[in-house]
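Please open the model in your viewer and keep the selection panel at hand.

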Amino acid sequence: KSASRTGDVKKLPTLEPRRRELETCVYCPKLCRSACPVGNAEPRETLIPWGKMSTAYFAARGDVPLEESFAAPAWACTGCYACRDACDHRNDVAGTLLDARDAFVRAGLGPEAAHRVLKSYGSFGSERSTTKPHETALLVGCLYDRKVPDVARSAVSATRKLLGDLPVERACCGLPLRLAGDAKRFEEHAKQFAGRDLVAVDPGCAIALRAAGARVRLLVEIAAERVAELREGDGERAVRWHDPCQMGRGLGIYDAPRTVLTRVLGRAPNEFAMRRERAECSGAGGLLPLTMPETSDAIARKRIDAASGEEIVTACASSLLRFRKSGARASDLVTWIDAATD
C-alpha cells in the first residue's frame with residue numbers, strides 16, 4: 001500500500017474526493033508557476049499553484065497544524081483557470097481550492113473578509129426566485145444589480161429588445177457563498193435554479209448555475225447569433241477587448257464577444273498581446289479584491305498598463321469593477337449591445 005493511501009486525508013476529510021488533484025500538484029515540478037496571476041504579483045512559493053495545493057494537501061493530512069496561516073493560501077486564487085490550461089493533466093486547481101475553502105471554513109478558519117461575506121449574505125443575496133420555474137428568465141447578476149445598476153438596466157433593455165419581454169430574475173445565483181467557503185449553503189440556494197432555462201449576463205453566474213443543473217446561455221452568445229440586428233458602428237472608436245477568465249477559459253467562449261463588438265464598433269476591437277486562451281486575469285475573481293486587495297489591484301494594473309491608455313471593454317461585472325477601481329476607462333459589452341439595438 002502506498003504511503004499516500006494510508007488514511008492521510010484525516011484532518012480535512014471533505015477533501016478526500018480531491019485527493020487525485022492534490023497529489024498531482026504536490027508531486028509536480030511546478031511547470032504552471034508562471035501562469036498564476038497571484039503568484040506573479042506576489043512572488044512567493046506559497047502562492048503559486050503548487051504551493052496553494054500543497055498547503056491544502058498537507059493540512060488535510062495533518063502534516064501541518066490547522067492554523068490561519070495554512071488556510072489563507074486557498075483564498076489566494078482568482079479562479080482564472082490559467083494554471084489548469086498550462087497543466088499537462090489539466091488539473092482542476094481552482095475547483096480543488098474552492099473545496100479547500102469549504103473545508104477550512106468548516107474548521108473555523110479562513111480570511112476575515114470571507115467570513116464577512118458569509119455573514120452578510122443573508123442581507124443581500126438570499127432572496128428566493130420570484131420568476132416561474134417554467135419560464136425562461138434573464139439573470140442579470142447581483143454584482144451588476146448592486147454595484148453598476150446602469151449596466152444592469154442596459155442588460156434588461158438589450159435582452160428585451162432582442163428576445164422580448166423576458167421576466168427578470170433578481171435572486172442571486174449563490175456564487176459568493178461558494179467563493180467564500182460554504183459549499184453546502186451554495187448548493188441549497190442554487191438548487192432552486194435546477195432545470196431552469198436562464199439567460200445570464202455574467203459568465204461567473206452561468207458557470208455556477210450550470211453546475212447546479214440549470215440550462216444557461218450567455219446574452220452575448222444570443223447577440224452574436226443575431227448580430228445582423230445590431231446597428232453597425234462607424235469604425236471611429238478604438239477600444240481594447242479583455243477576455244474575462246470565466247467566459248474564455250471557463251466557458252470556452254471567445255468568438256461571440258468579438259463578433260458582437262466588431263459589429264457595434266464597425267471595426268475589430270484592438271487586442272491585448274495576451275488574449276483568448278492566454279489572456280491575463282483582471283485580478284477580480286475568487287473574492288481576491290476582498291481577501292487580497294493590494295494583490296488584486298496589482299494584477300489589474302498590469303492588465304491596464306498593457307491597454308496603453310485605451311478604453312477596456314469586458315463582459316464580467318467583477319472585471320469591470322476591478323478595472324474601474326484601479327483607474328481604467330472600462331465599459332461592459334452589454335451597454336454596447338443595448339446602444340446598438342433599436
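Begin by selecting helix H2 (37-41), helix H5 (82-86) and helix H17 (293-306), each of which supplies at least two residues of the lining of the second largest pocket; helices here are DSSP runs (H or I, at least four residues), numbered from the N terminus. This is a predicted model, in which local features need pLDDT of at least 70 and side-chain atom pairs count only at pLDDT 80 or more, while totals for chains, interfaces and linings use all residues. Residues are numbered from 1 along each chain as its sequence is written, and side-chain values use heavy atoms, with hydrogens and water left out.

On a 1 Å grid over the protein atoms alone, a pocket is an open set of points with protein on both sides within 12 Å along at least five of seven lines, a cavity is a set where a 1.4 Å probe fits but cannot get out, and lining residues have an atom within 4 Å of a point. The volume of the second largest pocket is about 350 Å³, taken as the space filled by probe spheres set on the points, which are joined across faces, edges and corners. H17 contributes the largest share of the lining, four residues. Coloured by class, the lining shows 10 nonpolar, two polar and seven charged residues, where Ala, Val, Leu, Ile, Met, Phe, Trp, Tyr, Cys and Pro count as nonpolar, Asp, Glu, Lys and Arg as charged, and the others, Gly among them, as polar.

For the largest cavity, with about 100 Å³ of space, select Cys36, Lys52, Cys77, Cys80 and Cys83, the closest to its centre of the 15 lining residues. The elements giving two or more residues to this lining are H2, helix H3 (49-61), H5 and helix H6 (93-106). Its classes are 12 nonpolar, two polar and one charged.

The second largest cavity holds about 70 Å³, and its lining includes Tyr144, Leu218, Met247 and Asp332. Helix H13 (219-225) and helix H19 (333-339) each give two or more residues to it, and H19 gives the most, with three.

Which residue is in helix H12 (residues 203-211)? Select alanine 206, which has its place there and is buried, with a relative accessible area of 0% (buried means under 20%, exposed over 50%, partly exposed in between, with a 1.4 Å probe and protein chains only). Leaving aside neighbours within four places in sequence, alanine 206 is in contact (heavy atoms within 4.5 Å) with Ala200, Val216, Leu218 and Leu251. Methionine 247 is 41 residues from alanine 206 in sequence and 8.9 Å away, C-alpha to C-alpha.

Finish with the rings. Phenylalanine 272 has the charged end of arginine 240 over its ring, 5.6 Å from the centre, and arginine 303 over its face at 3.7 Å from the ring centre; a charge counts as over a ring if NZ of Lys or CZ of Arg is within 6 Å of the centre and within 35 degrees of the ring normal. One aromatic pair is counted: tyrosine 57 and phenylalanine 58 have ring centres 5.9 Å apart and planes at 50 degrees, so the pair is tilted. Rings of Phe, Tyr and Trp (its six-membered ring) pair if their centres lie within 6.5 Å, and planes under 30 degrees apart count as stacked, over 60 as edge-to-face and the rest as tilted. Tyrosine 57 is buried at 1% relative accessible area, whereas phenylalanine 58 is partly exposed at 31%.
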